[in-house]
Every structure is written in C-alpha cells, then in structure tokens.
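Please keep the sequence and the model in view while reading.

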Amino acid sequence: MKSHCVVYRTGGTENFTWHRSVAMTAGEARQVQRDLARMGYRSHIEHYARSVAIGLPETYEVGD
C-alpha cells in the first residue's frame, strides 16, 4: 500500500525549503531516504495523509 512519503530539506540554515515526495510503500520510502542521505539531504519518513494534513515543517530542524 502506498501510504508513506519522504519529507526532505534542501538549502542552508537561512534559505531552506522542505519538500514532500509522492506516496510510496514503506520499503520504497526507506530506499529514497537512504538515497537522499547519500546526497547530503536531511529527511524523514512520514505517513502521506498525515503529512498532507499537517503540512511541511516551517523551521530548519523538524520539531523546532
């Protein structure tokens, strides 16, 4: 079931943007997260519907 997504950040501390991937399986999301980490991007896996409902982070670090 495609119920997960990867939320990831690009840019620096003063000029950053959060992005959300398309819906995918949990296994696909783990692979995308590993790929993003190799490219140096901060990311986390989230349930797609929840991510859409609450929106993307507004601060540089998740949970700030």
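Which residue in β2 does T10 stand opposite? T10 stands opposite T17. The model is predicted, so local features need pLDDT of at least 70 and side-chain atom pairs count only at pLDDT 80 or more, while totals for chains, interfaces and linings use all residues. Residues are numbered from 1 along each chain as its sequence is written, and side-chain values use heavy atoms, with hydrogens and water left out.

**Sheet and helix**
- An open sheet is formed by 3 strands in the order β2-β1-β3, with antiparallel pairing; strands are DSSP runs of E with at least two residues, helices are runs of H or I with at least four, both numbered from the N terminus, and two strands pair if DSSP finds at least two bridges between them.
- Because β2 and β3 (42-47) stand at the edges with a single partner strand each, one side of each is left without a neighbour in the sheet.
- Strand β1 (residues 4-11) is joined to β2 by 5 bridges.

**Aromatic contacts**
- The whole structure holds 2 aromatic pairs, meaning Phe, Tyr or Trp (six-membered) rings with centres within 6.5 Å, stacked if the planes are under 30 degrees apart, edge-to-face if over 60 and tilted otherwise.
- One of them, F16 with Y60, is edge-to-face, at 5.6 Å centre to centre and 75 degrees between the planes.
- F16 lies in strand β2 (residues 16-20) and Y60 in the segment after α2 (48-54), so this pair ties together parts that are 44 residues apart in sequence.
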